[in-house]
Amino acid sequence: MMYYLLAINLVCFFIFGIDKRKAKMHQRRISENTLLALALFGGSVGGIFGIFIFRHKISKKSFLLRFCAVLVIQMVLVYFFRKYR
């Protein structure tokens, strides 16, 4: 499980960086749904680092709201997983 979380967070972080680079070069972008899905499946920490280090999607309020929703969903799932384990 630990290796999975490490891998998905690294992937998510680098995908945010790749998308930022594509945005600067006016190339076809990675969809927001893909970025959110990577975060939902365990890459939220990598996504947070990607957002702040690459300064990517910071001004897009709708994306940040959905990203925060993913974080809340993860916290609720962790809470119930630990409580009913």
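## Burial and the model

A residue is called buried when its relative accessible area is under 20%, exposed when it is over 50%, and partly exposed in between, using a 1.4 Å probe and protein chains only. By that definition E32, with a relative accessible area of 14%, is buried. The model is predicted, so that local features need pLDDT of at least 70 and side-chain atom pairs count only at pLDDT 80 or more, while totals for chains, interfaces and linings use all residues. Residues are numbered from 1 along each chain as its sequence is written, and side-chain values use heavy atoms, with hydrogens and water left out.

## Overall fold

The protein chain has three helices and zero strands, where helices (H or I, at least four residues) and strands (E, at least two) are DSSP runs numbered from the N terminus. Its C-alpha trace spans about 50 × 30 × 20 Å along the principal axes, and 32% of its 85 residues count as buried.

## Salt bridges around E32

Four salt bridges are found in the whole structure, each being a side-chain nitrogen of Lys or Arg within 4 Å of a carboxyl oxygen of Asp or Glu. E32 meets K57 at 3.1 Å, N to O; this pair links E32 in helix α2 with K57 in the loop between α2 and α3, 25 residues apart, and both E32 and K57 are buried. E32 also meets K60, at 2.7 Å, N to O, and K60 lies in the loop between α2 and α3, 28 residues from E32.

A further salt bridge joins E32 to R66, with the closest N and O atoms 2.3 Å apart; because E32 lies in helix α2 and R66 in helix α3, the pair ties together parts that are 34 residues apart in sequence. R66 counts as partly exposed at 33% relative accessibility. Through shared partners, salt bridges join E32, K57, K60 and R66 into one network.

## Largest pocket

The largest pocket has a volume of about 440 Å³. It is lined by 14 residues, of which M1, L5, G42, Q74 and V78 are the closest to its centre, and α1, α2 and α3 each give two or more residues to the lining. The lining divides into nine nonpolar, four polar and one charged residue.

## Nonpolar surface patch

On the surface, M1, M2, Y4, L5, L40, F41, I73 and L77 form a nonpolar patch with about 890 Å² of accessible area together. Such patches are made of residues with over 30% relative accessible area and no salt bridge, nonpolar side chains being joined within 5 Å and like charges within 9 Å. Helix α1 gives the most to the patch, with three residues. L5, found in helix α1, is partly exposed at a relative accessible area of 31%.

Conventions. Accessible areas come from the Shrake-Rupley method with a 1.4 Å probe; for residues, only the protein chains shown count as cover. On a 1 Å grid over the protein atoms alone, a cavity is a set of points where a 1.4 Å probe fits but cannot get out, and a pocket is an open set with protein on both sides within 12 Å along at least five of seven lines; lining residues have an atom within 4 Å of a point. Grid points are joined across faces, edges and corners, and a volume is the space filled by probe spheres set on the points. Ala, Val, Leu, Ile, Met, Phe, Trp, Tyr, Cys and Pro count as nonpolar, Asp, Glu, Lys and Arg as charged, and the others, Gly among them, as polar.
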